[in-house]
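Hi everyone, and thanks for making the time. I'd like to walk you through one structure today, so please have a look at it with me.

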Amino acid sequence: MVLYPIFPFDSKNGINVFLVELYPGCSHISDIHRNVLEEMILVVEGTLIIKVEEEIYELNAGDSIKFYGELNHTYTNKGNKNTLFHNIEIYK
């Protein structure tokens with residue numbers, strides 16, 4: 001997994017924006033973000049499996065989801081090519 005900062009954290013607007021590249025077969029268990037109000041995921045390329053608490057979602061290019069950052073969440077690429085997605089974090 002590679003994380004590219006697009007707009008690094010700015011205390012004026014309280015937002016982080018990343019482009020994430022998740023390799024085939026890769027999973028990432030994200031730490032719970034106690035200071036992140038919401039996370040927004042927008043899939044650019046490939047297929048992303050995201051588990052938020054006990055709910056599992058399959059997102060394809062063009063799909064998006066948002067959830068509270070304080071929830072347990074995992075990102076997985078079960079495909080055979082890289083998955084790219086934007087991760088937007090909105091801080092409290």
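Let me start with a term. Helices (H or I, at least four residues) and strands (E, at least two) are DSSP runs, numbered from the N terminus. A second term is the pocket: on a 1 Å grid over the protein atoms alone, a pocket is an open set of points where a 1.4 Å probe fits, with protein on both sides within 12 Å along at least five of seven lines, and lining residues have an atom within 4 Å of a point.

Two housekeeping remarks. This is a predicted model, in which local features need pLDDT of at least 70 and side-chain atom pairs count only at pLDDT 80 or more, while totals for chains, interfaces and linings use all residues. Residues are numbered from 1 along each chain as its sequence is written, and side-chain values use heavy atoms, with hydrogens and water left out.

Now, the pocket. Which strand gives the most to the lining of the largest pocket? That is β9, with 3 residues. Strands β2 (15-22), β3 (27-30) and β9 (83-91) each supply at least two residues of this lining. The volume of the largest pocket is about 180 Å³, where a volume is the space filled by probe spheres set on the points, and grid points are joined across faces, edges and corners. There are 13 lining residues, and the closest to the centre are L3, H28, S30, N87 and E89. By type, the lining has 6 nonpolar, 4 polar and 3 charged residues. Here Ala, Val, Leu, Ile, Met, Phe, Trp, Tyr, Cys and Pro count as nonpolar, Asp, Glu, Lys and Arg as charged, and the others, Gly among them, as polar.

Let's stay with S30, which lies in strand β3. S30 is buried at 11% relative accessibility; buried means under 20% relative accessible area, exposed over 50%, and partly exposed in between, with a 1.4 Å probe and protein chains only. Its side chain makes a polar contact of 3.2 Å with the side chain of H33. A polar contact is a pair of N or O atoms within 3.5 Å; within protein, one must be able to donate a hydrogen and the other to accept it, and residues adjacent in sequence count only if both atoms are side-chain atoms.

So where is H33? H33 sits in the loop between β3 and β4 (36-45). Is H33 buried or exposed? H33 is buried, with a relative accessible area of 17%. The side chain of H33 is also joined to that of E39 by a polar contact of 2.9 Å. Leaving aside neighbours within four places in sequence, H33 is in contact (heavy atoms within 4.5 Å) with E39, G69, E70, H73 and E89.

On to the aromatic rings. A pair of aromatic rings is described by the distance of the centres and the angle of the planes. Rings of Phe, Tyr and Trp (its six-membered ring) pair if their centres lie within 6.5 Å; planes under 30 degrees apart count as stacked, over 60 as edge-to-face and the rest as tilted. How many aromatic pairs does a search of the whole structure find? The search finds 2. F9 and Y91 form an edge-to-face pair, 4.8 Å centre to centre with 70° between the planes. This pair links distant parts of the chain, with F9 in strand β1 (residues 2-10) and Y91 in strand β9, 82 residues apart. F9 is partly exposed, with a relative accessible area of 44%. Y75 and F85 form a tilted pair, 5.3 Å centre to centre with 35° between the planes. Y75 is in strand β8 (residues 73-76) and F85 in strand β9, 10 residues apart. Both Y75 and F85 are buried.

F67 is buried at 7% relative accessibility. Not counting residues up to four places away in sequence, F67 touches L37, E38, E39, I41, I50, V52, H73 and Y75.

One last stop: E53, in the loop between β5 (47-52) and β6 (55-60). E53 has a positive phi of about 55° although it is not a glycine. Most residues other than glycine have a negative phi. E53 is partly exposed, at 34% relative accessible area.
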